[in-house]
Amino acid sequence: MPERRRIPSLPDRLAGRLPDRLTALRTPADPGFWRSPVRGARFTAVLGLVLLVGLTLVFVTGLLSYAAYNPDLDPVNDKTPGKGWLGFYLFAWPTGPHWLYRLTQGLHVTVGIVLVPVLLAKLWSVIPRLFALPPARSVGHALERISLLLLVGGALFQFITGLLNIQLDYLFPGSFYTLHFYGAWVFLAGFVAHVALKLPQAVRVLRSGIPRGEPGPRAAPGTPTEADTTTAPDTLAAPDPLPATLTRRGALAMVGAGSLLLLITSAGRSFDGPLRRLALLTPRGGTEQGPGPNAFQVNKTAAAVRITPADTGERWRLTVRGPAGELRFSRAELLAMEQHSAALPIACVEGWSTSDQLWRGVRLSDLAALAGYPDSPPDVFVESLQRSGSFRKAALRDNQVRDGRSLLALEVNGAPLSPDHGYPARIIVPAAPGVLNTKWVETLTFGEL
């Protein structure tokens, strides 16, 4: 007689489905909702220490970039009015070494790009805590959550606006300089508080592999040992993890590979040759500029700022102002003056730069002497033919004017400047941000600013 097949009863069927239904009904506030076996205190601690070093470097080089603009010299240099005591770190930006800004801003942007996978992985590793209830269990816990809000919000804001600036996509309202400046201080507040709260725990985790509050190894029964003491488990580890498909070391390797890929496809914008052709993720990489003495990168073209041949033709004159009065020079008269050469790069806030180009022209200190300052050249206020857009006017410090490599350049690499590189004359100063190397110069005013 054939065996009768037993039909599961309704209670049996409900019992079989209940765990699945409970899983489906879980919310992000339930620790069981998060089931990745990769999450854990040690994984998060490794990412956190990488970010600690990297973000500290990014912040310090960002401060240096702000100082390089000499924002306390003249209002036109400062895009963050009302900064108050936040400008306490300002100092006279030096002119040496001549590649200083190329190095500091290249590091600022490159390290920031490379840290993107690390930041995203860190946020992913701690996301269960963002949904933890109750929101605050104590005053200390409330402070930790507030610092986390400032840290996460500030970091995302800084990275997003910074990446958009690198790509020259100004989709955000307001000035990038102002938003990025104040966003950096909000981020720093959260960063410092979070490091103060979490760094000791992260160090313990990396030293022992066991976070405080996670059960340690037990000795044999009857053996007295301090390791018998256990406390609460690691709250970042999933209580009911899914089967592992990737080890934590493998996950860290994937994050590292992502950072390496971003390094390869972005860092070359600061170098010539094959590396620049690999910098596919930045506007100043991916292609060479072609042959010729003027074939190197620019941000603003003459056409983009509506500089016409009529503006730079025979009628153009350079106006020099100072105690000696107002002097006017044609390009031919400037070429007839004593000419000097300097090998200097162009380095911009977006992180891209050129190698040293050979500039030739009249020293700013010589023009200051003609203006009435033969012994001690002062600051200078530079105005461009450019009628709109940022940094069409800029101020340079007296130490920049005094440097013998600071030129009103008329030629580059043995040829006259091209229109896109500032013909008929441009400023070139060692270690200065690219926007302070004003193109299409019309007026130089020496003296108190």
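**View 1. Asp-379 in the loop between helix 11 (364-371) and strand 5 (380-384).** Helices (H or I, at least four residues) and strands (E, at least two) are DSSP runs, numbered from the N terminus. This is a predicted model, in which local features need pLDDT of at least 70, side-chain atom pairs count only at pLDDT 80 or more, and totals for chains, interfaces and linings use all residues. Residues are numbered from 1 along each chain as its sequence is written, and side-chain values use heavy atoms, with hydrogens and water left out. Asp-379 is buried (under 20% relative accessible area, 1.4 Å probe, protein chains only). Asp-379 has no salt bridge (a side-chain nitrogen of Lys or Arg within 4 Å of a carboxyl oxygen of Asp or Glu). The nearest side chain of opposite charge, Arg-397, is 5.9 Å away. A polar atom of the Asp-379 side chain lies 2.6 Å from the backbone nitrogen of Asp-398.

**View 2. The cis peptide bond from Gly-96 to Pro-97.** Omega is near -5°. Pro-97 sits in the loop between helix 2 (41-68) and helix 3 (100-114).

**View 3. The cis peptide bond joining Leu-133 and Pro-134.** Here omega is about -5°. The loop between helix 4 (116-130) and helix 5 (139-166) holds Pro-134.

**View 4. Asn-70, a non-glycine residue with positive phi.** Phi is about 50°. Asn-70 belongs to the loop between helix 2 and helix 3. The residue is buried, at a relative accessible area of 0%.

**View 5. Ala-431, a non-glycine residue with positive phi.** Phi is about 70°. Ala-431 is located between strand 9 (426-428) and strand 10 (441-446), in a loop. With a relative accessible area of 4%, Ala-431 is buried.

Notes. Buried means under 20% relative accessible area, exposed over 50%, partly exposed in between (1.4 Å probe, protein chains only). Lys and Arg count as positive and Asp and Glu as negative; His and the chain ends are not counted. A polar contact is a pair of N or O atoms within 3.5 Å; within protein, one must be able to donate a hydrogen and the other to accept it, and residues adjacent in sequence count only if both atoms are side-chain atoms.
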